[in-house]
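These are my notebook entries on a single protein chain.

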Amino acid sequence: MNNKQINFNTARFITSAPDINQMPADSGIEIAFAGRSNAGKSSALNTITQQKSLARTSKTPGRTQLINVFELSEGKRLIDLPGYGYAKVPEEMKLKWQQALSVYLQQRESLKGLVVLMDIRHPLKDIDQQLLQWASESRLPVLALLTKCDKLKPGPRKSEVLRVREAVTVFGGDIRVESFSSLKGLGLDRAREILSEWLLQDDEAIATEVPDEQA
């Protein structure tokens, strides 16, 4: 396994797109972040990239209405998807977001991994489970980050991670479950390790295709 790590601190904002048609060219590798509007998605992105205001955080959940694109290096991107559920917005707008989300997840060829963020105290809501089921059926690897884990003591935190790991086995597929705290930095190294693995998969494939002249 390649131990190389991506430098997430290089992330920079590229564009906000209302739908898939206005996103950058569908090439390279993208990792998408999805979650309920109060799951701490923007905070997690800021923590992973060590940039306090890369993804805007808001005291009013659901303000992220667009697909926000951040580039790490050429052909490697992080995608901040609109938050789902919870948001106090008109039903028509909510349906429009959900449609944009659905089209992106189903049609984007460069999408190689999905980070599903769930508050560790309220994981696996119906819509979270729908997303995990879809990802499994699409053979898309998932990192389920149980956020705000600093709200639980170490014992209950570990128990909840184990419970969710057991629960997601019903979906099959490649779903990894880890605890995460943007406030305390808990789980940061593990999250970066998994994201690096996904983002470097093309590099590894190329490396294996090149004959080893030294052998």
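Entry 1: I took helices (H or I, at least four residues) and strands (E, at least two) as DSSP runs, numbered from the N terminus. The model is predicted: local features need pLDDT of at least 70 and side-chain atom pairs count only at pLDDT 80 or more, while totals for chains, interfaces and linings use all residues. Residues are numbered from 1 along each chain as its sequence is written, and side-chain values use heavy atoms, with hydrogens and water left out.

**Entry 2: partners of β4.** I then listed the bridges; two strands pair if DSSP finds at least two bridges between them. Strand β3 (residues 67-73) runs antiparallel to β4 (residues 76-80), and five bridges join them. Within this pair, N68 has D80 as its bridge partner, and E71 stands opposite R77. With β2, strand β4 runs parallel, again through five bridges; here I31 stands opposite L78.

**Entry 3: burial of β4.** Is β4 enclosed or open? I counted a residue as buried under 20% relative accessible area, exposed over 50% and partly exposed in between (1.4 Å probe, protein chains only). Five of the five residues of β4 are buried, so the strand is largely enclosed by the rest of the structure. K76, L78 and D80 point one way, R77 and I79 the other. In a regular strand the side chains alternate between the two faces of the sheet.

Entry 4: I followed the chain into the loop between β4 and α2, where P82 is found. P82 is buried, with a relative accessible area of 3%. P82 and K41 lie 41 residues apart in sequence, and their C-alpha atoms are 9.7 Å apart in space.

**Entry 5: the whole sheet.** I traced seven strands in an open sheet of mixed pairing, in the order β1-β3-β4-β2-β5-β6-β7. The edge strands, β1 (12-17) and β7 (175-179), each pair on one side only. The chain has six helices and seven strands in total, and 47% of its 215 residues count as buried.

**Entry 6: the cores.** I next looked up the nonpolar cores, meaning sets of buried Ala, Val, Leu, Ile, Met, Phe, Trp, Tyr and Cys residues joined through side-chain atoms within 4.5 Å. The largest has 34 residues, and L81, Y104, L105 and L114 have the most contacts inside it. Elements that each supply at least two residues of this core include β2 (29-35), β3, α2 (91-107) and β5 (111-119). Apart from this core lies another, of 27 residues, with I6, I29, L54 and L199 among them. For L114 I recorded contacts (heavy atoms within 4.5 Å) beyond its neighbours within four places in sequence; A32, A34, L105 and W198 are among them.

**Entry 7: a helix pair.** How do α1 and α5 pack? Helix α1 (residues 41-49) and helix α5 (residues 188-199) meet at an angle of about 85°, with their axes 10 Å apart. Axes are lines fitted to C-alpha atoms, for helices over the stretch in contact, and angles run from 0 to 180 degrees between N-to-C directions. The two helices are therefore roughly perpendicular to each other, a term covering 65 to 115 degrees. T47, I48 and T49 of α1 make the contact with L188, R192 and L195 of α5.

Key
Parallel < 35°, antiparallel > 145°, perpendicular 65-115°, else oblique.
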